[in-house]
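Here is a friendly tour of one protein model, meant to be read with the structure open beside you.

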Amino acid sequence: DGGYRVRYIGIDTPEIHPEVEAFGLEAWQVNRALVEGKIVRLEKDISEVDKYGRLLRYVYVDNIFVNAELVRQGLAYAQAYPPDTKHQDYLEKLEQEARQAGRGMWAK
């Protein structure tokens, strides 16, 4: 709503443009399934927007922390972008678990 673009805080997903990176489409599809047509709640950390004018937010749908779910499924890296690091320890823990379980891009 409102036409805002949102940059998910604390994660980095494989790209789908200009080139499609491994697991980029999967990450995009899972994110889309989680948020499209749903009521989302956005949580701000410290910063308001990034250098491209996108809102910097943690994203929730119902009881799902979308940023974390993408990491948990192995479709995003936990990536700190200080000063916005409120949930970084949790995201890094989920990435470690995804790596150990071989989920998503961590599949062996």
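The notes below cover the pocket, a surface patch and some backbone features.

## About the model

This is a predicted model, in which local features need pLDDT of at least 70 and side-chain atom pairs count only at pLDDT 80 or more, while totals for chains, interfaces and linings use all residues. Residues are numbered from 1 along each chain as its sequence is written, and side-chain values use heavy atoms, with hydrogens and water left out.

## The largest pocket

Let's begin with the largest pocket, which holds about 1100 Å³ of space. A pocket here is an open set of points on a 1 Å grid over the protein atoms alone, where a 1.4 Å probe fits and protein lies on both sides within 12 Å along at least five of seven lines; lining residues have an atom within 4 Å of a point. Points are joined across faces, edges and corners, and the volume is the space filled by probe spheres set on them.

The lining has 27 residues, and R5, V6, R7, Y8 and N31 are the closest to the pocket's centre. Two or more lining residues come from each of β1 (6–8), β2 (11–12), α1 (24–35), β3 (40–43) and β4 (55–61). Helix α1 gives the largest share, with 6 residues. Helices (H or I, at least four residues) and strands (E, at least two) are DSSP runs, numbered from the N terminus. By class, the lining has 15 nonpolar, 4 polar and 8 charged residues; Ala, Val, Leu, Ile, Met, Phe, Trp, Tyr, Cys and Pro count as nonpolar, Asp, Glu, Lys and Arg as charged, and the others, Gly among them, as polar.

## A nonpolar surface patch

On the surface, V20, L25 and W28 form a nonpolar patch with about 290 Å² of accessible area together (Shrake-Rupley method, 1.4 Å probe, with only the protein chains shown as cover for residues).

W28 sits in helix α1 and is partly exposed, at 39% relative accessible area (buried is under 20%, exposed over 50%, partly exposed in between).

## Backbone features

Most residues other than glycine have a negative phi, and most peptide bonds are trans. The bond from H17 to P18 is cis, with omega near 5°, and P18 lies in the loop between β2 and α1. Another cis bond runs from P82 to P83, with omega near 10°; P83 belongs to the loop between β6 (77–78) and α3 (88–101).

F23, not a glycine, has a positive phi of about 70°. F23 is in the loop between β2 and α1 and is partly exposed at 28%. D62, also not a glycine, has a positive phi of about 55°; D62 is in the loop between β4 and β5 (64–65) and is exposed at 68%.

Technical notes:
Patch = residues over 30% accessible without salt bridge, like charges linked within 9 Å, V, L, I, M, F, W, Y side chains within 5 Å. Salt bridge = Lys/Arg side-chain N within 4 Å of Asp/Glu carboxyl O. Buried < 20%, exposed > 50% of the residue type's maximum accessible area, 1.4 Å probe, protein only.
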